[in-house]
Amino acid sequence: MVEPMPSAGNPAAESAGEGGPAGEAKRCGFVAILGAPNAGKSTLVNALVGAKVSIVSPKVQTTRTRVLGIAMAGAAQLILVDTPGIFAPRRRLDRAMIASAWQGAKDADLLCLIVDAARGLDDDTRRIVSALKQAGRKAILVLNKIDRVKKPSLLALADELNREAVFTDSFMISALSGDGVGDLRAYLAARLQPGPWLFPEDQLSDLPMRLLAAELVREQVFIQLRQEIPYASAVDLESWEEFDDGSAKVSASIYVERESQRGIVLGKGGARIKAIGSAARHELAELLGRPVHLMLHVKVAPDWQERPELYRALRLDFDV
Ligand code: GDP
Ligand code: MG
């Protein structure tokens with residue numbers, strides 16, 4: 001069966017029409033969003049697309065796989081490459097995530113470096129800037145979270161970063177409130193080369209619905225659980241059944257590394273897993289626009305971080 005893709009109601013698509021306004025030539029290209037963990041990359045991709053296609057949490061390293069978000073702006077189709085954050089790797093999964101981020105950058109037509117303006121210039125951001133310099137790549141500087149900083153410190157940060165001579169332009173935005181996101185979208189659209197659209201204009205993401213459903217469960221694990229649990233867990237979608245009444249039944253497993261972690265994910269009397277399931281089900285039903293039954297299981301698999309098939313499911317390379 002062909003899996004449903006996330007689509008419907010791309011808000012920016014409505015004004016596009018066939019060939020864009022007044023027969024303007026179509027443009028299309030890949031825009032990679034790079035940045036330190038937690039800079040707001042996924043929030044920005046969602047804001048540019050106008051729908052949640054990439055999961056977001058207050059914790060670092062929420063995004064594990066490369067996600068494409070598709071945004072329409074007039075005659076332009078922006079294919080946004082949300083990447084895992086770039087940071088100093090420790091585990092195999094870290095290395096796979098960082099390799100995936102750089103691959104996303106290598107293949108892109110335009111690069112945006114997003115910096116958390118409240119955090120300022122941290123080591124992770126410096127590392128990305130020097131890698132861009134070494135590769136001779138230019139990027140667009142996006143200072144994010146301007147809702148959290150005062151103007152003078154924002155301008156000082158922009159000055160400091162612009163001295164690096166890797167940025168062609170800078171934008172100041174709040175991906176969360178949407179402030180400045182429209183200007184950035186229009187700018188990116190204008191800089192893309194003429195070319196045919198690579199995705200249908202109502203498609204919002206390249207993630208198959210199964211993977212997006214697993215991601216929505218993982219988002220709740222990141223939001224609702226503390227300490228090491230989010231990093232010790234993975235979600236695998238086991239089955240997806242469609243019913244005549246339009247509803248779907250989805251089963252997924254949450255893998256953890258130890259029995260004690262299983263207890264925490266389940267919670268007292270199963271309360272935590274119930275809360276995770278109910279929040280994820282709500283998000284998934286909203287995205288699909290129809291009722292969803294979500295069954296969650298918690299399994300102990302001490303070696304999941306060493307299992308190639310879990311990397312394949314996340315579209316990551318195991319051997320990097
Ligand atoms: P990523 O790791 O770079 O993908 O970052 P996320 O998109 O997952 O965001 C990390 C955290 O920053 C989340 O808690 C977001 O809600 C928050 N965040 C993102 N953009 C903004 C913003 O413009 N303002 C504020 N105040 N918070 C933001
Ligand atoms: Mg992210």
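User: What's the shell around ligand 1 made of, by residue class?

Analyst: Six nonpolar, seven polar and four charged residues; nonpolar means Ala, Val, Leu, Ile, Met, Phe, Trp, Tyr, Cys and Pro, charged means Asp, Glu, Lys and Arg, and the others, Gly among them, are polar. Bear in mind this is a predicted model: local features need pLDDT of at least 70, side-chain atom pairs count only at pLDDT 80 or more, and totals for chains, interfaces and linings use all residues. Residues are numbered from 1 along each chain as its sequence is written, ligands are numbered from 1 and chains lettered from A in the order written, and side-chain values use heavy atoms, without hydrogens and water.

User: Which residues come closest to ligand 1?

Analyst: N38, G40, K41, T43 and D147, out of 17 surrounding residues (a heavy atom within 4 Å).

User: And which polar atom of K41 meets a ligand oxygen, side-chain or backbone?

Analyst: A side-chain one, 2.7 Å from an oxygen of ligand 1. A backbone N or O of A175 is 3.0 Å from a ligand oxygen, and a polar backbone atom of A39 is 3.2 Å from one; a polar contact here is a pair of N or O atoms within 3.5 Å.

User: How much of ligand 1 does the protein bury?

Analyst: 89% of the 590 Å² that ligand 1 exposes when taken alone (Shrake-Rupley, 1.4 Å probe).

User: Switching topic: how many salt bridges?

Analyst: There are 16, counting a Lys or Arg side-chain nitrogen within 4 Å of an Asp or Glu carboxyl oxygen. One of them joins E283 and K52 at 3.3 Å, N to O.

Definitions and conventions. A polar contact is a pair of N or O atoms within 3.5 Å; within protein, one must be able to donate a hydrogen and the other to accept it, and residues adjacent in sequence count only if both atoms are side-chain atoms.
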